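Please look over the sequence and the structure below before reading on.

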Amino acid sequence: MILALHEEAVEIMRESSYKNPDYVPFGWKKEQKSNNEKFKEEIVDILHFVVNLCLVSGMDSSELHQRYLNKNKENHLRQDNGY
């Protein structure tokens with residue numbers, strides 16, 4: 001499942017404009033365009049594998065939500081402190 005998640009991340013990257021200098025400062029491929037519909041489909045694919053990982057680990061939706069909130073709080077504290 002981890003390999004599948006990785007592959008989906010690569011696919012979502014391909015549907016973005018990650019090479020276009022109008023969107024990212026290090027871009028080199030001006031003609032690259034995003035495909036928003038395919039981008040959204042890849043998000044759903046990633047979510048599918050995340051849900052599968054939650055099931056395998058025994059994590060239910062309330063635990064996932066609480067862990068997300070805790071981690072989000074930690075990430076904001078890191079950003080506020082120049083991490």
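Against which element do the buried residues of α1 pack? They pack against α2, where packing rests on contact, meaning heavy atoms within 4.5 Å. This is a predicted model, in which local features need pLDDT of at least 70 and side-chain atom pairs count only at pLDDT 80 or more, while totals for chains, interfaces and linings use all residues. Residues are numbered from 1 along each chain as its sequence is written, and side-chain values use heavy atoms, with hydrogens and water left out.

**Confidence of the model**

- The chain has a mean pLDDT of 89, and 98% of its residues reach 70 or more; pLDDT is the predictor's confidence in each residue, from 0 to 100.
- Helices (H or I, at least four residues) and strands (E, at least two) are DSSP runs, numbered from the N terminus.

**Helix α1**

- The 13 residues of α1 should span 18 Å at 1.5 Å a residue, and the end C-alpha atoms are 19 Å apart, which agrees; the expected span is 1.5 Å times one less than the number of residues.
- Leu5, Glu8, Val10 and Ile12 are the buried residues of α1. Buried means under 20% relative accessible area, exposed over 50%, and partly exposed in between (1.4 Å probe, protein chains only).

- A salt bridge is a side-chain nitrogen of Lys or Arg within 4 Å of a carboxyl oxygen of Asp or Glu. In assigning charge, Lys and Arg count as positive and Asp and Glu as negative, whereas His and the chain ends are not counted.
- Glu8, in helix α1, is buried yet has no salt bridge, and the nearest side chain of opposite charge, Arg14, is 9.2 Å away.
- Apart from its neighbours within four places in sequence, Glu8 is in contact with Glu42, Asp45, Ile46 and Phe49.
- Glu15 is found in the loop between α1 and α2 (36–57). Glu15 is also buried without a salt bridge, and Lys38, its nearest side chain of opposite charge, is 4.9 Å away.
- Residues up to four places away in sequence not counted, Glu15 touches Ser34, Asn35, Lys38, Phe39 and Glu42.

**Salt bridges**

- The whole structure holds 3 salt bridges.
- One of them joins the side chains of Arg67 and Glu63 (2.9 Å, N to O). Arg67 and Glu63 are separated by about one helical turn because they are 4 residues apart in helix α3.
- Lys71 forms a salt bridge with Glu74, with the closest N and O atoms 3.5 Å apart; these two residues of helix α3 are 3 residues apart.
- Glu74 also forms a salt bridge with Arg78, with the closest N and O atoms 2.6 Å apart; Arg78 and Glu74 are 4 residues apart in helix α3.
- An α-helix has 3.6 residues a turn, so residues three or four places apart point the same way.
- Salt bridges link Lys71, Glu74 and Arg78 in a network.
- Partly exposed residues include Lys71, with a relative accessible area of 38%, Glu74, at 32%, Glu63, at 31%, and Arg78, at 29%.
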